[in-house]
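The sequence and the structure are shown first.

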Amino acid sequence: MVDLRPWVLESHISRIASEIQEVELARKKLAEAFRRIKDKEIFDLVQRSGFLDVFEKKLAYPVSPVKLEGMRVGAVDGGMISRSFHGIDLMLIRAVAAIFVYGSEGRVEVEYFPREYPPPAIVSNLEPLSRSDYEISASLERLLAEIKVATDSQGRHPMDIIILDGAILPQPSDRPSSPSLFKKYETVIRSLEKLYRISTGNGILLAGVVKDSRSTRFLQILSRLSPLLLGKVDELKDLLSFDYRRIIQRTRDTEFLYRFLDVGERTTTVKYAENSEKYGPLKDLKQEWAEKLNVFYLKPVELDSPLRVEYLSSDVNPIKTTQKISSLIYSLSCHHPEFGLPTVQVEAHAQAKLQETDLDFIYDQIVQKTGITPSLMYSKRRAYGV
């Protein structure tokens, strides 16, 4: 329990503020040191055998915008509302693809799949799942809906690229330990492989744009790289003036890259994970697909966090795919200095979003048919977070 006596509270706040300032100063020094070697081919200065998960020679590269005229750009997002009652879990899930068709003189036509504001699917669960298993189950249901829309939309709408809202692969937290849920997880994996296969067959670029990434993938590479460069690159000597290893360990990719990247720059391209055998979701994919998933970060605007971009490589040389996708996403995301996200992705999100009142309506309809049963009772304690 927090001691709210004024003098005690002031002491706690001052300590936290001081710690933040100390870490922020060190993070600034870390970024400034590496900014000095942006143009150096630093991966030629180390044994490449230790960095086989890095495809390029530099840490950062400029991105050139492209003309969108004649392009057909799709984005898929899913909305979900869920609620647990005494004996049943109810979910509403809606997934939508928005397709922007860019014409001449800046004209844009918008198409939707399956249609504009489609009715949500109702998903119920009567099994006694634990809270964590229920959350995993809900996440998998949403993923399945989004993957299905991304796959099926290709039969109705020609596109140059499909942008998924978020990761292009389930997160380790989505990988259940429960045998009953693992079947659903395997269905997600097989559905993703179908999406990869169909997108590749149709010549459509497939990317996932993560707007609030908590990943440390890029910083993990810097952690391996820094000790090897300290004796070879004079510009990094400032790292020795503070505990840079500890700062790297306490920093997320986007926090570092906000300082490190300039607007219109991306990071080097790296494999999705350093070791696919140690990353559960990658290990669950067939090897032909696991080897084609790569990542880079892009800073499209000045005052927003960089985007983590995950993609399926469609070329033998993944750098060509990186250049195509980074140019497209930069051109789609650079319109507002404080909001760097592809406009088509924003539209897909608006189409997929659900309200709590939508679930209230469904609940009322069910109660009309069943009456208030113990399974459908909703604890007032939960409503007040008690």
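This is a predicted model: local features need pLDDT of at least 70, side-chain atom pairs count only at pLDDT 80 or more; totals for chains, interfaces and linings use all residues.

**Helix pairs**

Helix H2, residues 131-152, packs with helix H3, residues 179-201, at an angle of about 20°, and the two axes lie 10 Å apart. Because angles under 35 degrees count as roughly parallel, H2 is roughly parallel to H3. The crossing in which H2 passes H3 is left-handed. On the H2 side, the residues that meet H3 include Ile-136, Leu-140, Leu-143, Leu-144 and Ile-147. On the H3 side, among them are Leu-181, Val-188, Leu-192, Leu-195 and Ile-198. By class, this contact of H2 with H3 comprises twelve nonpolar, four polar and four charged residues.

In the second pair, the axes of helix H1 (residues 6-35) and helix H6 (residues 253-260) come within 9 Å and cross at roughly 55°. H1 is therefore oblique to H6. The crossing in which H1 passes H6 is right-handed. From H1, the residues Glu-24, Arg-27, Lys-28, Leu-30, Ala-31, Phe-34 and Arg-35 meet Glu-255, Phe-256, Arg-259 and Phe-260 of H6. The contact of H1 with H6 divides into five nonpolar, no polar and six charged residues.

**Two buried residues**

Arg-308 is placed in strand E11, which spans residues 307-312. Its relative accessible area is 6%, so Arg-308 is buried. Beyond its neighbours within four places in sequence, Arg-308 is in contact with a set of residues including Gly-208, Val-209, Val-210, Ser-213, Arg-217, Tyr-272, Val-295 and Phe-296. Ser-215 and Tyr-297 also belong to this set, and the side chain of Arg-308 makes polar contacts with the side chains of Ser-215 and Tyr-297.

His-157 lies in the loop between H2 and strand E6 (161-165). The relative accessibility of His-157 is 10%, and because buried means under 20%, His-157 counts as buried. Leaving aside neighbours within four places in sequence, His-157 is in contact with Arg-72, Ile-99, Glu-111, Tyr-112 and Phe-113. Phe-113 is 44 residues away from His-157 in sequence, while their C-alpha atoms are 8.3 Å apart in space. With Glu-111, the side chain of His-157 makes a polar contact through the side chain of that residue.

| Residue | Partner | Polar contact distance |
|---|---|---|
| Arg-308 | Ser-215 | 3.1 Å |
| Arg-308 | Tyr-297 | 3.3 Å |
| His-157 | Glu-111 | 2.7 Å |

Conventions: Residues are numbered from 1 along each chain as its sequence is written. Side-chain values use heavy atoms; hydrogens and water are left out. Axes are lines fitted to C-alpha atoms, for helices over the stretch in contact, and angles run from 0 to 180 degrees between N-to-C directions. Helices (H or I, at least four residues) and strands (E, at least two) are DSSP runs, numbered from the N terminus. Angles under 35 degrees count as roughly parallel, over 145 as roughly antiparallel, 65 to 115 as roughly perpendicular and the rest as oblique. A crossing is left-handed if the near helix is turned anticlockwise from the far one by less than a right angle, and right-handed if clockwise. Contact means heavy atoms within 4.5 Å. Ala, Val, Leu, Ile, Met, Phe, Trp, Tyr, Cys and Pro count as nonpolar, Asp, Glu, Lys and Arg as charged, and the others, Gly among them, as polar. Buried means under 20% relative accessible area, exposed over 50%, partly exposed in between (1.4 Å probe, protein chains only). A polar contact is a pair of N or O atoms within 3.5 Å; within protein, one must be able to donate a hydrogen and the other to accept it, and residues adjacent in sequence count only if both atoms are side-chain atoms.
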